[in-house]
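Please have a look at the model first.

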Amino acid sequence: MKSSKNIEKEYTPEEIAESFVFPGPKASPERDAMLEAFREHRKKVSEKQSERTKLIAQLLQLKYLIEDYIKSDHLSKEYTFGYFLKEYISRLEKKNNQFAEEINVDPAELSQVINKRRKPTEKLIFRLEIHSNRNFPALMWFRLLEKDRAYELKHHREIIDSEKKNVKQRLAFSL
């Protein structure tokens, strides 16, 4: 058996990666056959799932997406509170008006929150937690709001610039 040092002397990093790290069929017909068999298997599994199981899987996927986004340092223009609220409603296969009625919120208010024209109120966030049977806790929605705010602060310097006139004295040094 060759040691890793001997292998590194003999092959380029690309050759090592291709032959040792990601071994598998390269021939297109063989690979296509494997992918087709995998698709068939996935299709059969999917057909056996109930609508309830599919909904749970979709909501879990959304919850993990939100949690990953909250944990990351990345700030996204796309991933806003409104985006995730819209996804939540969409995955439940509900119309906005129907969902607004279920959580006793004005449909116009819900629409404004989804379209980033209005910040969500605490009551909306708490109702989201209750509606989701605490599967999407209020704390998670509040953390999404913090990310939205951080994005605004980072990308909309005019907010800070407009407040400069109100600060009469600053520290004379930077840390």
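The text below covers aromatic pairs, the nonpolar core and salt bridges.

This is a predicted model, so local features need pLDDT of at least 70 and side-chain atom pairs count only at pLDDT 80 or more, while totals for chains, interfaces and linings use all residues. Residues are numbered from 1 along each chain as its sequence is written, and side-chain values use heavy atoms, with hydrogens and water left out.

**Aromatic pairs**

Let us begin with the rings. The structure holds 11 aromatic pairs. Here rings of Phe, Tyr and Trp (its six-membered ring) pair if their centres lie within 6.5 Å; planes under 30 degrees apart count as stacked, over 60 as edge-to-face and the rest as tilted. Helices are DSSP runs (H or I, at least four residues), numbered from the N terminus.

How buried are these two residues? Tyr88 has 2% relative accessibility and counts as buried, and Phe99 is buried at 0%. Buried means under 20% relative accessible area, exposed over 50%, and partly exposed in between (1.4 Å probe, protein chains only).

Tyr88 also pairs edge-to-face with Phe136, at 5.1 Å centre to centre and 65° between the planes. Phe136 sits in the loop between helix H8 (122-131) and helix H9 (138-155), whereas Tyr88 is in helix H5, so the pair ties together parts that are 48 residues apart in sequence. Phe81, Tyr88, Phe99, Phe136 and Trp141 form one aromatic cluster.

**The nonpolar core**

Which residues touch the most other members of the largest nonpolar core? Of its 26 residues, they are Phe81, Leu85, Tyr88, Phe99, Phe136 and Trp141. A nonpolar core is a set of buried Ala, Val, Leu, Ile, Met, Phe, Trp, Tyr and Cys residues joined through side-chain atoms within 4.5 Å. Helix H4 (51-71), H5, H6, H7, H8 and H9 are the elements that give two or more residues to this core. Leaving aside residues up to four places away in sequence, Phe136 touches several residues, including Leu59, Leu62, Ile66 and Leu128; contact means heavy atoms within 4.5 Å.

**Charged side chains**

Side chains of opposite charge can pair when their charged atoms come close. A search of the whole structure finds nine salt bridges, each a side-chain nitrogen of Lys or Arg within 4 Å of a carboxyl oxygen of Asp or Glu. Three of them are listed here.

| Salt bridge | N to O distance |
|---|---|
| Glu87 and Arg91 | 3.0 Å |
| Lys119 and Glu152 | 2.7 Å |
| Glu152 and Arg149 | 2.9 Å |

Glu87 and Arg91 lie four residues apart in helix H5, about one turn of the helix, and both are buried.

Lys119 lies in the loop between helix H7 (107-114) and H8, and Glu152 in helix H9, so their pair ties together parts that are 33 residues apart in sequence. Lys119 is partly exposed at 46%, while Glu152 is buried at 19%. Arg149 is three residues from Glu152 in helix H9 and, at 41%, is partly exposed. Lys119, Arg149 and Glu152 are linked in a network of salt bridges.
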